[in-house]
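Welcome! Take a moment to look over the model shown here, and then we will walk through it together.

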Amino acid sequence: MLIDILISACLVISGIFGLVGSFGLIKLPDPMMRLHAPTKATTLGVGGALIASMLYFYFVLGNFSFHELMITLFLFLTAPITGHFIAKTHLHLMHKPADLPPTGTERPWASYESDAERQRIEAEQATETPRA
Amino acid sequence: MIEYALYFAFACFGLGLLMNIYRVISAPAVGDRILALDTMVVNAIALLALYGIHKGTTVYFEASMIIAMTGFISTVSYTRFLLRGDIIE
């Protein structure tokens, strides 16, 4: 009975989180805000559904399976990476480097620095360090 | 009791999938479209896991694992294509 309540709670909570994540995607006004809803809420929602599935198969049907843990781990590892890549795409398509706040150094934000420029500065720093 | 909670979760994730389709069709920018497709993958994995509970079989977990991998690779390649104009440099 207790395990039924636990599984049902996991399912209901995961459903609410999944719905909130997908609703935030169409509700929030700014592209960078919209990035929050799916990468956080929906990932938690699917994690809850997979944990409910693991509990169900172990306690109700009596066979333990690792697959859910693998899927949960994979999703939790990949969600930040996809979020980072989509944020970078937004930044490069929507904003110019002049719109961003200053970095406080002579160099621009790392995402906008060209490869040749970065290699030149890093080579300079590499030659400076042994002297100091 | 599990059954009703399962139906509730099915309804939530199905509604979420419909919202994502709406966002894919009418997105203000191309980044939102990629984000909506990525969320669709996550919602599809959740629906497959719930369907596995409903049917009482573990067959669908391999399928959801493959969908998870395909979704990640496709999102990364879409964004790489937009950033660099090229997928493999």
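How many helices and how many strands are there in chain A? There are five helices and zero strands in chain A, where helices (H or I, at least four residues) and strands (E, at least two) are DSSP runs numbered from the N terminus. This is a predicted model, so local features need pLDDT of at least 70 and side-chain atom pairs count only at pLDDT 80 or more, while totals for chains, interfaces and linings use all residues. Residues are numbered from 1 along each chain as its sequence is written, and chains are lettered from A and ligands numbered from 1 in the order in which they are written.

**How confident is the predictor?**

- Chain A averages a pLDDT of 84, with 97% of its residues scoring at least 70; pLDDT is the predictor's confidence in each residue, from 0 to 100.
- Within chain A, the element with the highest mean pLDDT is helix H1 (residues 2–27), at 90, and the one with the lowest is helix H5 (residues 115–131), at 76.
- Chain B has a mean pLDDT of 87, and 94% of its residues reach 70 or more.
- For the complex, the predictor gives an ipTM of 0.85 and a pTM of 0.83.

**Chain A on its own**

- Reading along the sequence of chain A gives the pattern α-α-α-α-α.
- Chain A has a radius of gyration of 22 Å, well over the 14 Å that the globule rule gives for 132 residues, so it is more spread out than a compact globule.
- The radius of gyration is taken over C-alpha atoms, and the globule rule is 2.2 Å times the number of residues to the power 0.38.
- The C-alpha trace of chain A spans about 70 × 40 × 20 Å along its principal axes.
- Of the 132 residues in chain A, 33% are buried; a residue is buried if 20 or more other C-beta atoms lie within 10 Å of its own, exposed if 12 or fewer, and partly exposed in between, with C-beta atoms placed from the backbone.

**Chain B on its own**

- Chain B has three helices and zero strands, in the pattern α-α-α along the sequence.
- A compact globule of 89 residues would have a radius of gyration near 12 Å, but the value for chain B is 16 Å.
- The C-alpha trace of chain B spans about 50 × 30 × 15 Å along its principal axes, and 42% of its 89 residues count as buried.
- Helix H2 (residues 30–55) and helix H3 (residues 60–84) of chain B pack at an angle of about 175°, with their axes 9 Å apart.
- H2(B) and H3(B) are therefore roughly antiparallel to each other.
- For angles like this one, axes are lines fitted to C-alpha atoms, for helices over the stretch in contact, and angles run from 0 to 180 degrees between N-to-C directions.
- Angles under 35 degrees count as roughly parallel, over 145 as roughly antiparallel, 65 to 115 as roughly perpendicular and the rest as oblique.

**Where the two chains meet**

- The contact takes 46 residues from chain A and 43 residues from chain B; two residues are in contact if their C-beta atoms, placed from the backbone, lie within 7 Å.
- On the side of chain A that touches chain B, the largest share, 16 residues, comes from H4(A).
- That side of chain A has 25 nonpolar, 17 polar and four charged residues; Ala, Val, Leu, Ile, Met, Phe, Trp, Tyr, Cys and Pro count as nonpolar, Asp, Glu, Lys and Arg as charged, and the others, Gly among them, as polar.
- H4(A) and H2(B) pack at an angle of about 170°, with their axes 9 Å apart, and that makes H4(A) roughly antiparallel to H2(B).
- The residues in this contact include A:Ile71 and A:Leu75 of H4(A) and B:Val30 and B:Ile34 of H2(B).
- The contact of H4(A) with H2(B) divides into nine nonpolar, four polar and one charged residues.

- A:Ser8 lies in helix H1 of chain A, and with 19 C-beta neighbours inside 10 Å, A:Ser8 counts as partly exposed.
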